[in-house]
Amino acid sequence: MEDCIFCKIANKDIDSELIYEDDEIIAFNDIHPQAKHHVLIVPKKHIPKISDLNENEQDEILVGKMFLIARDIAKERELDGYKLQFNVGESAGQIIFHIHLHLISNG
Ligand code: 5GP
Ligand code: ZN
């Protein structure tokens, strides 16, 4: 989608510190990390908010995959504990309206 920063990152129009990529999902470091590890797991498909997800198998699998990729990154980094967070809506602190899962940890 035009003017969406995460679509631009997914399309490589904007640089990011890439952590993971497959056909559907990309993961990169947050530009303003809240902890030692702060990775964003992002579908390439433009979905503005979690509340916009469709009730279909495709979106169910997509969101499930986002969690499994976060788990794999945490495992690879041997993180002891970590937070996985979706902010949904402006009042909850969502500033980028293209869904993303935050993986946050101090190790
Ligand atoms: P939200 O508050 O929408 O859940 O989180 C958006 C996150 O995206 C923030 O933590 C913010 O630091 C990060 N962010 C915003 N713009 C960019 C960018 O251009 N590149 C990267 N890597 N992260 C960004
Ligand atoms: Zn987008």
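Q: How do the residues lining the largest pocket divide by class?
A: They divide into ten nonpolar, eleven polar and three charged. Here Ala, Val, Leu, Ile, Met, Phe, Trp, Tyr, Cys and Pro count as nonpolar, Asp, Glu, Lys and Arg as charged, and the others, Gly among them, as polar.

Q: What kind of model is this?
A: It is a predicted model, where local features need pLDDT of at least 70, side-chain atom pairs count only at pLDDT 80 or more, and totals for chains, interfaces and linings use all residues. Residues are numbered from 1 along each chain as its sequence is written, chains are lettered from A and ligands numbered from 1 in the order in which they are written, and side-chain values use heavy atoms, without hydrogens and water.

Q: Okay, what volume does the largest pocket have?
A: About 490 Å³. A pocket is an open set of points on a 1 Å grid over the protein atoms alone, with protein on both sides within 12 Å along at least five of seven lines.

Q: Which residues are closest to its centre?
A: Of the 24 lining residues, those are Phe6, Asp30, Ile31, His32 and Leu40. The elements giving two or more residues to the lining are α1, β2, β3 (37-43) and β5 (101-105). With three residues, α1 gives the largest share.

Q: What takes up the space of the largest pocket?
A: Ligand 1 does.

Q: Which residues are closest to ligand 1?
A: Asp30, Gly93, Ile95, His100 and His102 are the closest of the 16 residues that surround ligand 1, counting residues with a heavy atom within 4 Å. That shell has eight nonpolar, seven polar and one charged residues.

Q: Where are the polar contacts?
A: Such a contact is a pair of N or O atoms within 3.5 Å. A polar side-chain atom of aspartate 30 is 2.5 Å from an oxygen atom of ligand 1. Histidine 100 has a side-chain N or O atom 2.7 Å from an oxygen atom of the ligand. At asparagine 29, a polar backbone atom lies 2.9 Å from a nitrogen atom of ligand 1.

Q: Which elements give two or more residues to the ligand's shell?
A: α1 (5-10) and β2 (25-29) do. The largest share, three residues, comes from α1.

Q: New topic: how many cavities of 30 Å³ or more are there?
A: The count comes to one, where a cavity is a set of grid points that a 1.4 Å probe fits but cannot get out of.

Q: What lines the largest cavity?
A: Lys49, Ile50, Phe86, Asn87, Val88, Gln94, Ile99 and His100. By class, four are nonpolar, three polar and one charged.

Conventions
Polar contact = N/O pair within 3.5 Å; in protein donor to acceptor, adjacent residues only side chain to side chain. 1 Å grid on protein atoms, 1.4 Å probe; cavity = no way out; pocket = protein on both sides within 12 Å on 5 of 7 lines; lining within 4 Å. Sits in = over half its atoms within 2 Å of the grid points. Helix = DSSP H or I, 4+ residues; strand = E, 2+ residues; numbered from the N terminus. Points joined across faces, edges and corners; volume = space filled by probe spheres on them.
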